[in-house]
Amino acid sequence: MYSQIQTAQHVYDVRTPDYEKSWHPDYTTRLMKLAPLHEGDKVLVPCCGTGLESFMAAEAVGPHGLVVGVDVSEGMLKEARARQSREAALAPRLRFIHHDAASLGTCTELGELEGKFDLLICSNAFVLFRDPAGVVRGWRGWVRDGGRMIIDIVHEKSFVPGVVIEKVMAQLGVAWPWNRAWARGRDSFKEILESEGMQVEVIELLNTKSEQPVLSYGVDQADEQFESVAESGFACNVRWQGDQRERAKDLFRKEWESIAMDGKVEAVNALYVYVARKI
Ligand SMILES: C[S@@+](CC[C@H](N)C(=O)[O-])C[C@H]1O[C@@H](n2cnc3c(N)ncnc32)[C@H](O)[C@@H]1O
């Protein structure tokens, strides 16, 4: 059966060596300026990856704070733990745990920390979850009353080939490893947070790269973009049946042409960042 976790493990184990050569470190530095962090805080970081947010949080919380990162990719965690062993001053405040962030209730290593975290940080991962409201509901239980979450959600026009393939696969009834269809604009995640007992305090649009936030593809790039996403690691668990791949390519081209304006498909390389307080 298709597994979001197996796909994430595969994709991020493969990406680990080059992960921090990408735009992520620069983006995370800007994201963390929005994180409400204080000395002594306890911080939970679901989908922590190589620990970009975790190490910055560990600096901010000081020697009496605690930062717990959770991830399913052994490759990413290995990188985080290697850095932890190099950073002697921060190491005692950091823990990295291998677990599914969507089911923290079964994570025995989190022990007595339920309802104790001052802040939860999840960056560049949330649209990998099938049930966004259910995940917020589960995470809310780990945050203390009055504690906060900072979570980013990709802009609806970010990585447009990804938006199009998800739509096409849904039409074909084939599972795809991310779930962005619900994220239609700035208010989509605000509504989910509010419906799960979180008061939204900040919404900010942050570009993935400091330069070139808007770019466009040509309408004639449909097939090339389809091949690129259909051959990516994210498709590793897709089992194409019969002529499904050809049909998907055809549907992708039609959808791509329908969203083009003046021969161009516009993309916005940005994420909405939400800071919300548990009420
Ligand atoms: C794009 S990386 C982001 C890493 C880090 N938050 C950052 O911004 O650098 C996405 C991470 O989510 C992790 N991930 C995906 N699904 C997960 C799940 N169900 N539970 C825990 N981690 C998951 C992946 O293994 C990967 O490390």
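Trainee: Which residues come nearest to the ligand?
Mentor: Of the 21 residues around the ligand, the nearest are Y19, C47, E53, D71 and A101. A residue counts as near if one of its heavy atoms lies within 4 Å of the molecule. This is a predicted model: local features need pLDDT of at least 70, side-chain atom pairs count only at pLDDT 80 or more, and totals for chains, interfaces and linings use all residues. Residues are numbered from 1 along each chain as its sequence is written, and side-chain values use heavy atoms, with hydrogens and water left out.

Trainee: What does E53 do at the ligand?
Mentor: A polar side-chain atom of E53 sits 2.6 Å from a ligand nitrogen atom. That is a polar contact, meaning a pair of N or O atoms within 3.5 Å.

Trainee: And which atoms of C47 and A101 are involved?
Mentor: Backbone ones. For C47, a backbone N or O atom lies 2.8 Å from a nitrogen atom of the ligand. For A101, a backbone N or O atom also lies 2.8 Å from a ligand nitrogen atom.

Trainee: How much of the ligand does the protein bury?
Mentor: 99% of the 590 Å² that the ligand exposes when taken alone. Areas come from the Shrake-Rupley method with a 1.4 Å probe.

Trainee: Which helix gives the largest share of the shell?
Mentor: α1, with four residues. Both α1 (4-19) and α3 (52-61) supply at least two residues each. Helices here are DSSP runs (H or I, at least four residues), strands likewise (E, at least two), numbered from the N terminus.

Trainee: What's the shell like by class?
Mentor: 12 nonpolar, six polar and three charged residues. Ala, Val, Leu, Ile, Met, Phe, Trp, Tyr, Cys and Pro count as nonpolar; Asp, Glu, Lys and Arg as charged; the others, Gly among them, as polar.

Trainee: Back to C47. Where is it, and what is its phi?
Mentor: C47 lies in the loop between β1 (42-46) and α3. Its phi is near 60°, a positive value in a residue other than glycine.

Trainee: New topic. How do α8 and α9 pack?
Mentor: α8 (residues 222-230) and α9 (residues 244-259) pack at about 130°, axes 9 Å apart. Axes are lines fitted to C-alpha atoms over the stretch in contact, and angles run from 0 to 180 degrees between N-to-C directions.

Trainee: Why is α8 called oblique to α9?
Mentor: Because of that angle, α8 is oblique to α9. Angles under 35 degrees count as roughly parallel, over 145 as roughly antiparallel, 65 to 115 as roughly perpendicular, and the rest as oblique.

Notes:
A polar contact is a pair of N or O atoms within 3.5 Å; within protein, one must be able to donate a hydrogen and the other to accept it, and residues adjacent in sequence count only if both atoms are side-chain atoms.
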